[in-house]
Amino acid sequence: MTGNHFCTATVVHSPGRNLIVTAGHCLLAGRAGEGAATFAPAYADGRVPYGTWKIAEVFEDPRWADGTNDDYDLAFARLAPDASGRNIEDVTGAAVLDTTGRTDEQVTVTGYPSDRKVPRTCLSRAVRLSATEQRFDCADFPGGTSGSSWIAADGKIIGVLTGGDTDDVSTSTILSDYAAQLYARAAGGGTGR
């Protein structure tokens, strides 16, 4: 695989079976062209066991895309079928997105640090910081782990790593109505913004 790893993403269940979710700062909204980012699920030690998928279009909330409001640092990307014509979800499965504003519960977070060849997984408690932000404390989630999904005990995505003041404290927006609307736009195949 060529190119540099810079963020983590998760396949999210959708009618088209072709969406991933990540942090908004990982991608640029709109249709992707030549040289666009690719998605390599379960990448480890230089291997891509499921292959790679090209990003066809990125969807972000305009409050993030135009103004970089951290409360909306979330993106969905629609992936083109792989070289064999398969949709990503048919190959890897997917997690369900929960946009009811859940927090204050145990989550499992797996991220892919850009300075290593293997993922980092941690089990911790998501804690609400404000109406729009939550955090979890886990040592050693450096650059490259942005976009990591916060998976609750029921297997649903209740957060996406968007930042943190240190590698040991990570934050996510609260996935609420804005995330539901953004997901609906991405799942419906509309325009990127």
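These legends go with close-up views of a predicted model.

**View A. The disulfide between Cys 7 and Cys 26.**
Start with one of the 2 disulfides in the structure. The sulfur atoms of Cys 7 and Cys 26 sit 2.0 Å apart. Look along the S-S bond and you get a torsion of about -80°, so this disulfide is left-handed. Cys 7 and Cys 26 are both buried.

**View B. The disulfide between Cys 122 and Cys 138.**
Here Cys 122 is joined to Cys 138, with an S to S distance of 1.3 Å in the model. Again, distant parts of the chain are linked: Cys 122 comes from strand S8 (residues 120-125), and Cys 138 from the loop between strand S10 (133-137) and strand S11 (149-152), 16 residues apart. Cys 122 has 11% relative accessibility, so it counts as buried. Cys 138 is buried too, at a relative accessible area of 7%. Count the bonded cysteines along the chain and the pattern reads 1-2, 3-4.

A polar atom of the Ser 124 side chain lies 2.9 Å from the backbone oxygen of Asp 137. Leaving aside residues up to four places away in sequence, Ser 124 touches Glu 105, Gln 106, Val 107, Phe 136, Asp 137 and Cys 138. Two of those names turn up in other views: Cys 138 is the disulfide partner of Cys 122, and Val 107 has a bridge partner in S11.

**View D. Strand S11 with its partners S7 and S12.**
What does S11 pair with? Strand S7 (residues 106-111) is one partner, antiparallel to S11 over 3 bridges. Within that pairing, Val 107 has Ala 152 of S11 as its bridge partner. Strand S12 (residues 157-166) is another, also running antiparallel to S11 and joined to it by 3 bridges. Ser 149 bridges to Val 160 in S12.

**View E. The hairpin turn between S11 and S12.**
S11 and S12 make a hairpin, with 4 residues between the strands. Check Gly 155 in the turn: its phi is positive, at about 85°.

Definitions and conventions
Residues are numbered from 1 along each chain as its sequence is written. This is a predicted model: local features need pLDDT of at least 70, side-chain atom pairs count only at pLDDT 80 or more; totals for chains, interfaces and linings use all residues. Side-chain values use heavy atoms; hydrogens and water are left out. A disulfide is a pair of cysteine sulfur atoms within 2.5 Å. Buried means under 20% relative accessible area, exposed over 50%, partly exposed in between (1.4 Å probe, protein chains only). Helices (H or I, at least four residues) and strands (E, at least two) are DSSP runs, numbered from the N terminus. Two strands pair if DSSP finds at least two bridges between them. A polar contact is a pair of N or O atoms within 3.5 Å; within protein, one must be able to donate a hydrogen and the other to accept it, and residues adjacent in sequence count only if both atoms are side-chain atoms. Contact means heavy atoms within 4.5 Å.
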